[in-house]
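Student: Hi! Could you walk me through this fold?

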Amino acid sequence: MKIGLIGLGRMGANIVRRLLRGGHEVVVYNRSPEPVEALAKEGAIASSGLEDMHGKLGETAIFWVMLPAGAITDQTIDEIVALTKPGDIVIDGGNSFYKDDIRRAKALRDKGLHYVDVGTSGGVWGLERGYCMMIGGEEAVVRALDPIFSTLAPGYGGIPRTPGRDPTDDRAERGYIHAGPAGAGHFVKMIHNGIEYGLMQAYAEGFDILNSKASEALPHDERFTLNLPDIAEVWRRGSVVSSWLLDLSAIALAKDGDLSTFSGKVADSGEGQWTIEAAMEEAVPAHVLSAALYARYRSRVENTFGEKLLSAMRFGFGGHVEPK
């Protein structure tokens with residue numbers, strides 16, 4: 001198939017490369033020209049802008065937008081819509097808020113256009129491993145785009161097939177699903193990322209406890225100097241807590257057991273907060289996911305005003321002084 005891809009960051013560029021390897025034609029555009037020039041040398045079709053891209057696409061133009069969520073994605077889609085004709089397809093493969101997808105799909109439908117949202121997981125490893133995709137949109141349109149999704153997905157790989165599954169639709173087993181109407185793809189990806197926050201926080205807290213077992217605050221005979229790289233490695237092999245996140249932790253600890261190149265100030269990209277908002281809208285308790293999000297907020301400050309107030313109250317009722 002022929003497709004245009006806008007936004008050639010780390011994931012966008014590797015999506016282009018995986019599509020090229022699968023025999024697709026990819027027209028590329030990026031605000032800075034260097035990624036366009038680099039991918040053109042690898043077989044992509046360069047374009048100088050959205051209008052130029054539209055002219056180089058097929059009779060049914062397919063645009064894949066791979067940009068940060070928010071205004072820049074809205075602006076780009078608006079510019080694409082001004083160029084399109086009925087039947088053209090706009091795909092948002094970034095991490096947009098699912099309610100934005102619902103709004104965009106309605107607006108595009110009124111113009112005879114199709115909108116598809118693709119929650120895309122795989123990060124910088126996706127070129128080799130493939131991308132796990134959660135897709136929202138009209139059934140017929142998603143089916144028409146199947147050659148693209150099939151190329152980007154990991155495929156069966158070495159994972160054993162789950163007994164008892166319906167054999168008539170193996171897309172989930174190959175690494176992608178049609179989750180439902182517009183917005184459903186990004187909603188499922190949003191919850192995926194919320195769970196990711198919780199899993200990461202569990203590993204972080206567990207290894208923090210292991211690392212602190214040598215603390216001088218403990219009785220001498222209860223102190224252990226533990227080899228964290230070895231613990232991470234052994235847990236990768238046969239343990240019930242093995243996972244790709246643990247694999248990445250093991251790699252990082254093997255390189256630098258003290259993680260001295262990291263500050264510990266942890267960013268979030270929005271999906272964790274949106275997950276908690278969804279939980280509140282649905283009245284679903286989300287204790288772990290909420291705590292994981294707040295832990296990221298906490299990581300970005302040294303000491304908060306609220307913590308100063310805690311110390312003041314402790315001093316007030318018990319004369320407790322802060323540790324030096």
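Here is a short chat about the sheet and the helices beside it.

Tutor: Happy to! This is a predicted model, where local features need pLDDT of at least 70, side-chain atom pairs count only at pLDDT 80 or more, and totals for chains, interfaces and linings use all residues. Residues are numbered from 1 along each chain as its sequence is written, and side-chain values use heavy atoms, leaving out hydrogens and water.

Student: How many helices and strands are there in the protein?

Tutor: The protein has 15 helices and 8 strands; these are DSSP runs, helices being H or I with at least four residues and strands E with at least two, numbered from the N terminus.

Student: What order do the strands of the open sheet have?

Tutor: The order is E3-E2-E1-E4-E5-E6-E7-E8, with mixed pairing (two strands pair if DSSP finds at least two bridges between them). Strands E3 (45-46) and E8 (176-180) are the edges, each pairing on one side only.

Student: In which sense do E5 and E6 pair?

Tutor: Strand E5 (residues 89-92) runs parallel to strand E6 (residues 114-121), over 4 bridges. Asp 92 stands opposite Asp 117 in E6.

Student: OK, helices now. How do the axes of H4 and H5 sit?

Tutor: The axes of H4 (residues 71-81) and H5 come within 12 Å and cross at roughly 10°. That makes H4 roughly parallel to H5, because angles under 35 degrees count as such.

Student: Which residues of H4 make the contact?

Tutor: Thr 73, Asp 74, Ile 77 and Val 81 of H4 do, with Arg 103, Arg 104 and Leu 108 of H5 (contact means heavy atoms within 4.5 Å).

How values were computed:
Axes are lines fitted to C-alpha atoms, for helices over the stretch in contact, and angles run from 0 to 180 degrees between N-to-C directions. Angles under 35 degrees count as roughly parallel, over 145 as roughly antiparallel, 65 to 115 as roughly perpendicular and the rest as oblique.
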